[in-house]
Amino acid sequence: MVKEFLYRGIPKDELDSLSLEKLFLLFNSRQRRSLTRGINDGKRKLIEEIKSAKAGKVKNPIKTHVRDLIVLPYMVGVTVNVFSGKEFRPVAITSEMIGHYLGEYVITNKRVSHGAPGVGASRSSLYVPLK
């Protein structure tokens, strides 16, 4: 049996029908503050692209640099390519992501693997012959 997704006790289909004001009350204070302060042009453009992708009008993948957009219930089911600082990484939005930021799902740094020290890295390497 598949477990039904609940966001703070409310099923997904009821989340879709909630008004934005009632939905804001379910979010944490950080997300509420971000959403009530307004949406800038970059976020507005991305939201319009996501809505048109849900309607099936967009053929190209959605690429964005907007990492601070909060995932809302109507965005579920869309794949967005989010910029990681080096490349665009695909993020398939699922119902468990509601209330989180897009940037949380794209890591911006990678593991550091240091190589061997070079010439001049320590005091003793000054006396190592180069040839």
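**Close-up views of a predicted model**

**Figure 1. Tyr7 and Phe27 form an edge-to-face aromatic pair.** At 11% relative accessibility, Tyr7 counts as buried, because the limit for a buried residue is under 20% relative accessible area. Phe27 is likewise buried, with a relative accessible area of 2%. The structure is a predicted model, and two aromatic pairs are counted in it. In the pair shown here, the ring centres of Tyr7 and Phe27 lie 6.0 Å apart, and the planes make an angle of 75°. Tyr7 belongs to strand E1 (residues 6–7), whereas Phe27 sits in the loop between H2 and H3; the pair therefore ties together parts that are 20 residues apart in sequence.

**Figure 2. Phe83 and Phe88 form a tilted aromatic pair.** The two rings are 5.0 Å apart, centre to centre, with 55° between their planes. Phe83 is partly exposed, at a relative accessible area of 22%. Phe88 is also partly exposed, and its relative accessible area is 29%.

**Figure 3. Lys51 lies over the face of Tyr74.** The distance from Lys51 to the ring centre of Tyr74 is 5.4 Å.

**Figure 4. Helix H3 (residues 29–36) has the buried residues Gln31, Ser34 and Leu35.** These three residues cover an arc of only 95° around the axis, which puts them on the same side of H3. In an α-helix there are 3.6 residues a turn, so residues three or four places apart point the same way. The face of H3 turned away from the buried side carries Ser29 and Thr36, which are exposed. On the buried side, the residues of H3 pack against two helices, H2 (20–26) and H4 (41–55). Just after H3, Gly38 adopts a positive phi of about 110°.

**Figure 5. Residues including Ser34, Leu35 and Gly38 line the largest cavity.** The count of cavities of 30 Å³ or more comes to one. The volume of the largest cavity is about 40 Å³. Its lining also includes Ile39, Lys43, Asp68, Leu69 and Ile70.

Definitions and conventions: Residues are numbered from 1 along each chain as its sequence is written. This is a predicted model: local features need pLDDT of at least 70, side-chain atom pairs count only at pLDDT 80 or more; totals for chains, interfaces and linings use all residues. Side-chain values use heavy atoms; hydrogens and water are left out. Buried means under 20% relative accessible area, exposed over 50%, partly exposed in between (1.4 Å probe, protein chains only). Helices (H or I, at least four residues) and strands (E, at least two) are DSSP runs, numbered from the N terminus. The arc is that of the directions from the helix axis to the C-beta atoms. Contact means heavy atoms within 4.5 Å. Rings of Phe, Tyr and Trp (its six-membered ring) pair if their centres lie within 6.5 Å; planes under 30 degrees apart count as stacked, over 60 as edge-to-face and the rest as tilted. A charge sits over a ring if NZ of Lys or CZ of Arg is within 6 Å of the ring centre and within 35 degrees of the ring normal. On a 1 Å grid over the protein atoms alone, a cavity is a set of points where a 1.4 Å probe fits but cannot get out, and a pocket is an open set with protein on both sides within 12 Å along at least five of seven lines; lining residues have an atom within 4 Å of a point. Grid points are joined across faces, edges and corners, and a volume is the space filled by probe spheres set on the points.
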